2 protein chains.
Amino acid sequence: MQIGIIGLGLMGGSFALALKERYEEVEIIGYDHNDQHCIEALELGLVDKITDDLEDFENLDLILLAIPVDAILNIIPHLNSISNKTTIIDFGSTKSLIVDSIPKSIRENFVPAHPMTGTEKSGPSSAISNLYRGKVVVLCNIQDSGEIQRRLAKKIFSDLGMKIFYMDAIEHDRHAAFISHMPHALSYALANSVMKQENPKAILALAGGGFKDMSRIAKSSPNMWEDIFRQNKNNLLEAIFSFKEELEQCEEMIKAGDWKALHKWMEKANSLHEIL
Amino acid sequence: MQIGIIGLGLMGGSFALALKERYEEVEIIGYDHNDQHCIEALELGLVDKITDDLEDFENLDLILLAIPVDAILNIIPHLNSISNKTTIIDFGSTKSLIVDSIPKSIRENFVPAHPMTGTEKSGPSSAISNLYRGKVVVLCNIQDSGEIQRRLAKKIFSDLGMKIFYMDAIEHDRHAAFISHMPHALSYALANSVMKQENPKAILALAGGGFKDMSRIAKSSPNMWEDIFRQNKNNLLEAIFSFKEELEQCEEMIKAGDWKALHKWMEKANSLHEIL
């Protein structure tokens, strides 16, 4: 199987490692606008070769787009002369704008996907072979993907041990705002609320597991998350609004000393873990 | 060494395990208002015996108070006839009200402490022997503790591999609001903001590591956290206010489409991890 990976960071690099671990015969060609990442990806054995010419991708079995969501929008027009047998999977964290931007001529090539996994790290050296194992991947609007493409994508994701969910891109973006995008906004805001205090070092010296968990994703790449926030603006604002309502309710109960109501509100939050 | 532990949950139970692992000759007497917890603690070998009479604690070397902060306030008056050689350590997550409530007659017995560790679990079965290893413990106002008591507390915490910080109770409560109490409010609010959506199950099915980390402490005990929020009300409200300012700034930048400023704001949040 000949595979092209565009974007050799955490997601693309980990996908390369997982494919190489799972399949005996894969050849992976890498593409990244960052030269240093290309060198590292070769050195780390994530890819077998590097190209800076997208024409080299035209007859591959699979192309993975593992780049920020705005970069996905920008690269799509350059894939227009791809073979009709090639499968293109994009790993964008937002889906509606991407799905809408795919030209009809290559729509069957595309399987829009969002793997619900990651770490706060980035770059080829952060790649790990088990990033995808046991994790959820959401496939969007695959009724518009070709038969070959659907089959290949499903086979690869199952082979890597992923749980496949199917969803409309619009629904995906609404859910992703709550489960991923808004929590990132909270983590960034939490980090900044501590950093602006008089002596953040004295406060951070006391950090236990709770704070470390809550602030971990505040380390995430602004390049990636600026794009996601832009592309999922309305859903994100709605999710932030919904969160603020809850936080303000908490605040009001504390101000009023309504501890009984606060206790119930905390119990309701506990119940999330019966589902999760 | 004879040790009494009041409160046989995660903190008290883990402390018992750690002491038994570290020292050859310790006898631990347990006390808990929950009979089931007493039975479990005995069965799990956390304690050597159980008592329901605080008089049994009067001549011990060490008494640990590992109960919710309001329960600490309630039990302090019952410790008034303790030997002047006994060391009392409380593990309350708030410190000012507790320090202020200790009668002068037993003030030297007390070493007010806050170990910055825990999990979202509770009860004797959640106890783990390495909960304290490598973690920070804050000792407050120990200039008012007796010489014997200071020495014993420091020795035990170092023996368990903890990093000791010294702090005024007022300063502690301000810092703890930012590093622990407010993040708990956020996690509860995040959980409730998802639970109130039309189909929380469909959203939660997509949960990746980020959401799991952010919502983990929303599983924490309302019994414990209602007390903490009450005792640290003003600092907590201030920390929530500071957080909301940041989140609202984020919201405004998204609404205005000021992506350049948003990018910078995210980068500032990244810088927390240079300290943490």
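Student: How many residues of chain B are in contact with chain A, and what makes a pair a contact?

Tutor: 77 residues of chain B are in contact with 77 residues of chain A. Two residues count if their C-beta atoms, placed from the backbone, lie within 7 Å. This is a predicted model: local features need pLDDT of at least 70, side-chain atom pairs count only at pLDDT 80 or more, and totals for chains, interfaces and linings use all residues. Residues are numbered from 1 along each chain as its sequence is written, and chains are lettered from A and ligands numbered from 1 in the order in which they are written.

Student: Which helix supplies the largest share of the chain B side?

Tutor: H6(B), with 18 residues. By class, that side has 45 nonpolar, 18 polar and 14 charged residues. Asp, Glu, Lys and Arg count as charged; Ala, Val, Leu, Ile, Met, Phe, Trp, Tyr, Cys and Pro as nonpolar; the others, Gly among them, as polar.

Student: Why is 233-256 of chain A called a helix, and what span is expected?

Tutor: Helices are DSSP runs of H or I with at least four residues, numbered from the N terminus. H10(A) has 24 residues, so it qualifies. The expected span is 1.5 Å times one less than the number of residues. For H10(A) that is 34 Å, and the helix reaches 34 Å from its first C-alpha to its last.

Conventions: Helices (H or I, at least four residues) and strands (E, at least two) are DSSP runs, numbered from the N terminus.
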